[in-house]
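Thank you all for coming. I would like to take you through one structure today, and I ask you to keep it open beside you while I talk.

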Amino acid sequence: MEPLNGKTDLSRFNNSWYNHGPRWRLVAWFLVNAFLVNTYLPLPASLRIAILRLFGAKIGTGVMIKPAVNIKYPWLLQVGNYVWIGEKVWIDNLSEIVIGDNACLSQGAMLLTGNHDYRRATFDLVTRPIHLADGVWIGAKSVVCGGVQCASHSVLAVNSVATRPMEAYGIYQGNPAVFVRKRTISA
C-alpha cells in the first residue's frame, strides 16, 4: 500500500499569529539597518551598537560588530560583553537570541530562529530561540538552527550546521554537526 502523501498549499499559509512589532518600527529599522548597520561603509562599531540599542537590543561592553552584519529584529537580541560579530553575519531572529560573554560569530555565520513545518500542507512558520553561552565560537559560514543551545565554550567548525545542542567545550563539525573532540584552552 502506498503511503498517503499530501501536497504543500502555500495559498493557505498564514503567520498572522506572529507579532514582530509595530509596522513603523519595522520600516524604520529596515531603513536604518540598510544604511548604517548592514553596510560596508567604514562606520565605527560604536555607532552600530548605539543604533542597535536605540532599537531595543541589549548589548554589553567591548562588543565588536564588523561591517555588513544583518540583524532582523534588534529588539529580540541580547549580546554579552566582549563579543565579536564578523562581517556578513546574519542574525535572523524571529525569536530571541542570547549571546553570552566572549563569544565569537565568524564571517558569514547564520543564526536562524525561524523555519517551516514541512509536514503541514500550510507550511506553518515555526520559531525557536537560540542561546550561545559564554565563550562559544561559531565558525565562518556555519549555521545555528532554531532551538539550539550552544553550551559554554563550545565550537561549531567552519561551514557546519548545528541542529542539536552542543555540549560545553565540545567541538562540532559537519552537516548535521557532530562532536569531534574536546576544546582545550591554555592560559
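What you have here is a predicted model, in which local features need pLDDT of at least 70 and side-chain atom pairs count only at pLDDT 80 or more, while totals for chains, interfaces and linings use all residues. Residues are numbered from 1 along each chain as its sequence is written, and side-chain values use heavy atoms, with hydrogens and water left out.

Let me begin with helix H2, residues 45–54, where Ala45, Arg48, Ile49, Ile51 and Leu52 are buried. By buried I mean under 20% relative accessible area, by exposed over 50%, and by partly exposed anything in between, with a 1.4 Å probe and protein chains only. Helices (H or I, at least four residues) and strands (E, at least two) are DSSP runs, numbered from the N terminus. The buried residues, for their part, pack against helix H1 (23–37) and against the strands E1 (58–59), E2 (64–65) and E3 (70–71), where contact means heavy atoms within 4.5 Å. Just after H2, Gly56 takes a positive phi of about 105°.

Now to the sheet, which is open, has seven strands in the order E2-E5-E8-E13-E16-E18-E19, and shows mixed pairing. Two strands pair if DSSP finds at least two bridges between them. Which strands form the edges? They are E2 and E19 (177–182), each of which pairs on one side only. Strand E5 (residues 84–85) runs parallel to strand E8 (residues 104–105), the two being joined by two bridges, and Trp84 has Cys104 as its bridge partner in E8. Further along, E16 (residues 155–156) is also joined to E18 by two bridges in a parallel arrangement, with Val155 standing opposite Ile171 in E18. By contrast, E18 (residues 170–174) and E19 pair in the antiparallel sense over five bridges, and they form a hairpin with two residues between them. Within that pairing, Gln173 stands opposite Val178, and Tyr172 has Phe179 as its bridge partner. The loop between E18 and E19 holds Pro176, which is joined to Asn175 by a cis peptide bond with omega of about 0°.

Cys104 is buried, with a relative accessible area of 18%, and Cys150 is buried at 1%.

Lys141 has a positive phi, near 60°; it lies in the loop between E13 (137–138) and E14 (143–145), and it is exposed, with a relative accessible area of 59%. Asn159 also has a positive phi near 60°; its place is in the loop between E16 and E17 (161–162), and at 54% relative accessibility it counts as exposed.

Finally, the structure holds five aromatic pairs. Rings of Phe, Tyr and Trp (its six-membered ring) pair if their centres lie within 6.5 Å, and planes under 30 degrees apart count as stacked, over 60 as edge-to-face and the rest as tilted. The rings of Tyr73 and Trp75 have centres 5.2 Å apart and planes at 25°, so that pair is stacked, and both residues are buried. The rings of Tyr172 and Phe179 have centres 5.8 Å apart and planes at 75°, so that pair is edge-to-face; Tyr172 counts as buried at 7% relative accessibility, whereas Phe179 counts as partly exposed at 43%. Trp17, Tyr18, Tyr73 and Trp75 form one aromatic cluster.
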